[in-house]
2 protein chains.
Amino acid sequence: MRLDTEQNTEPGGGRSGELELLRRIRARAARISGTAIRLGIGDDCALLNPRPGEELAVTTDLSIAGRHFRLDWHPPEAVGHRTLARGLSDLAAMGARPMAAFLSLGLPKELVHNAKGRKPWPKTWPKTWIDGFYDGFLALADAYKTPLAGGDLAESPIAVADIMLVGTVPRGKALLRSGARPGDWLYATGRLGGAATGLTRLTELAGKPARTQTDRQKGLNIPRNLGQTLAPHLYPQPRIAQGFALAQRGLATAALDLSDGLSTDLTHLCEESGVAAEIDAAALPLHPGATLAQALYGGEDYELLFTAAADARVPRAITGVPVTRIGRIVRRRWGRPTILLRTEHGAQPLEARGWEHFAQRPI
Amino acid sequence: MRLDTEQNTEPGGGRSGELELLRRIRARAARISGTAIRLGIGDDCALLNPRPGEELAVTTDLSIAGRHFRLDWHPPEAVGHRTLARGLSDLAAMGARPMAAFLSLGLPKELVHNAKGRKPWPKTWPKTWIDGFYDGFLALADAYKTPLAGGDLAESPIAVADIMLVGTVPRGKALLRSGARPGDWLYATGRLGGAATGLTRLTELAGKPARTQTDRQKGLNIPRNLGQTLAPHLYPQPRIAQGFALAQRGLATAALDLSDGLSTDLTHLCEESGVAAEIDAAALPLHPGATLAQALYGGEDYELLFTAAADARVPRAITGVPVTRIGRIVRRRWGRPTILLRTEHGAQPLEARGWEHFAQRPI
């Protein structure tokens, strides 16, 4: 598995610059070591050594500029963080712990080299977009002990980042989407709607998108006092420890991560398990400032949604993250909605639909 | 690991069309089964069960329209084939056998739906680009017993395909780039320069690139009698059986696949092993019609380049593919070129450089 750049003979973006970039990435990635990695960046493949009795969980997630992030809205550090967080959250949903990450990056030339087309070295030169991306990516990788074992880097007219994660889970313990049964309770970790709230605030900030290349590379100028409001959107925390604890203790009958929004993800869970569900609106753990609609339809919260048998002793928090009972699993009945939302005004069907997506606007 | 599409509420490209597409892909992928896959497409991650004593080889390769393929030159079947072949070839270079493939696809809407924006169903409707892509991808996956275990599908302004492959190799038997020693002989499988020859012919055919969207989606009209000439470029064969045989028998001291071209890839091998090399130009197994330059600098032949100790009994062919001794490994000396090319006119340094790349032209 190579972390290799295409040959490039143009001045300013030349071979030596590419090799220098490659060396920088290798050096930074090498700092996060994993005992399961026998061979990392630099050969045709990485070599991994899983332990006996472990199953491997593998996931890939593609992020595309204009669809999953915007160069003129998101700081490069947030794009790097979110790219990895999406994949880590998929591992968390299986109860797996990260073993190694692989990152394929396709980037326009101006995001790799600075304005003068020279490599950003020595450090007194301004940081390039790709440096910011790796700052965010590797900080999260470090926090979740996820070594970057390889990937691919190519020039591309638009920015794309594909993350692939390999995780391990004790054999037979993985949390699937298909195990929910009528009578199970439904739970969510953390708070819901925070990412949608942050995105709404970001949209307001971005009233007038940056027009110049320099502005675009810097991203929005985000006021300091908004850091906390925007964090759930810009820097979501994957629930690795919580997913692992649920798998290890055999507490959950089914689980997935809230990436598309509660209404959509719960529909997935119900479909894979062949069941229906009822949600108690008053029980939903809303993020401060979030509306009920943002909690129901807002995606990218990356909390875990799981079910557990009625007699399971589910704790109120796992390693500091609250766990809230939000509803129950019921039998699927012909002509009845898959999800019923109970509010003070009565019960109503909950349709699986997403929050307004920033990427649907032309950029 | 999901093979999931983004929500899309526009007419003609709607949710039902996306789900139908997803069902079609799932159904086709399910036909290639792998005993090591416990859970494939449909959950947050795929679950793989490696056997004790096996190491995992993991590789990713990013292919981008305009850089690695051209929509107006390459038939969709060839794009699908080449996407998978790149990854399989990396496994072959390690001596690994494929266990599972993961594919992230970012595609413009018009490549997923047909001209009228409706899903291509029933079968009497014209095949879409993505159907052709999967035809090529899954035919190769079937031939090399590589189940598609998951991936991601998103809308993208340009076509991108990222392939991730997980393979297995007996512990400690993997072929690395770093094991070549002075005195080893240097070998190549198959014939060299065929892909560059095919690409040159394709370039000539494409004198006038298609201008309409329909023409672009069909790709070039390739005359039947050119099939054999273009095959090494459009449908390269990864050397899985040959790599596995070399690893299994412990014959090779180092190996990699010829993706960037002999001059560049041999330089990689020499750098990783800390050695130098001499090539005998007269010994190179040129593909019929290929020039010496195409064999030296033309990439994408996806043959294996490997070294073996002087007393190793390297066969002349492995499962029908010829193995040719093309040079030897020598000590690295200060001020001396990494690679020396011996021809009838004497010896000259061989510079690591690529063949003219189609992607360097604006499209």
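Author: Chain A has 10 helices and 14 strands. This is a predicted model, where local features need pLDDT of at least 70, side-chain atom pairs count only at pLDDT 80 or more, and totals for chains, interfaces and linings use all residues. Residues are numbered from 1 along each chain as its sequence is written, and chains are lettered from A and ligands numbered from 1 in the order in which they are written.

Reader: What makes something a helix or a strand here?

Author: Both are DSSP runs, numbered from the N terminus: helices are H or I with at least four residues, strands are E with at least two. Helix 2 of chain B, for instance, covers residues 76–94.

Reader: How do you know what share of chain A counts as buried?

Author: You count neighbours: 20 or more other C-beta atoms within 10 Å of a residue's own make it buried, 12 or fewer make it exposed, and in between it is partly exposed, with C-beta atoms placed from the backbone. Of the 363 residues of chain A, 57% pass as buried.

Reader: How do you know which residues of chains A and B are in contact, and how many are there?

Author: The test for a contact is C-beta atoms, placed from the backbone, within 7 Å. By that test, 53 residues of chain A are in contact with 53 residues of chain B. Strand 3 (54–64) and helix 2 (76–94) are among the elements of chain A that each supply at least two residues to this side. Strand 3 of chain A gives the largest share, nine residues.

Reader: What makes up that side by class?

Author: It divides into 28 nonpolar, 12 polar and 13 charged residues. Here Ala, Val, Leu, Ile, Met, Phe, Trp, Tyr, Cys and Pro are nonpolar, Asp, Glu, Lys and Arg are charged, and the others, Gly among them, are polar.

Reader: Why do strand 3 of chain A and strand 2 of chain B count as paired?

Author: Two strands pair if DSSP finds at least two bridges between them. Three bridges join strand 3 of chain A to strand 2 (residues 46–48) of chain B, so the pair qualifies, and the two run antiparallel. One bridge partner of this kind is L47(B), which goes with A57(A).

Reader: What about strand 1 and strand 2 of chain B?

Author: Those two run antiparallel and are joined by two bridges. I37(B) stands opposite L48(B) in strand 2 of chain B.

Reader: What order do the strands take in the open sheet?

Author: The six strands go 5(A)-4(A)-6(A)-3(A)-2(B)-1(B), with mixed pairing. Strand 5 of chain A and strand 1 (37–39) of chain B are the edge strands, since each pairs on one side only. From one strand to the next, the twist averages 20 degrees.

Reader: Why are helix 2 and helix 4 of chain A called oblique?

Author: Their axes come within 6 Å and cross at roughly 40 degrees. Axes are lines fitted to C-alpha atoms, for helices over the stretch in contact, and angles run from 0 to 180 degrees between N-to-C directions. Under 35 degrees is roughly parallel, over 145 roughly antiparallel, 65 to 115 roughly perpendicular, and the rest oblique. Helix 2 and helix 4 of chain A are therefore oblique to each other.

Reader: Is their crossing left-handed or right-handed?

Author: The crossing is right-handed. That word applies if the near helix is turned clockwise from the far one by less than a right angle, and left-handed if anticlockwise. By class, their contact has 11 nonpolar, five polar and two charged residues.

Terms used
Two residues are in contact if their C-beta atoms, placed from the backbone, lie within 7 Å.
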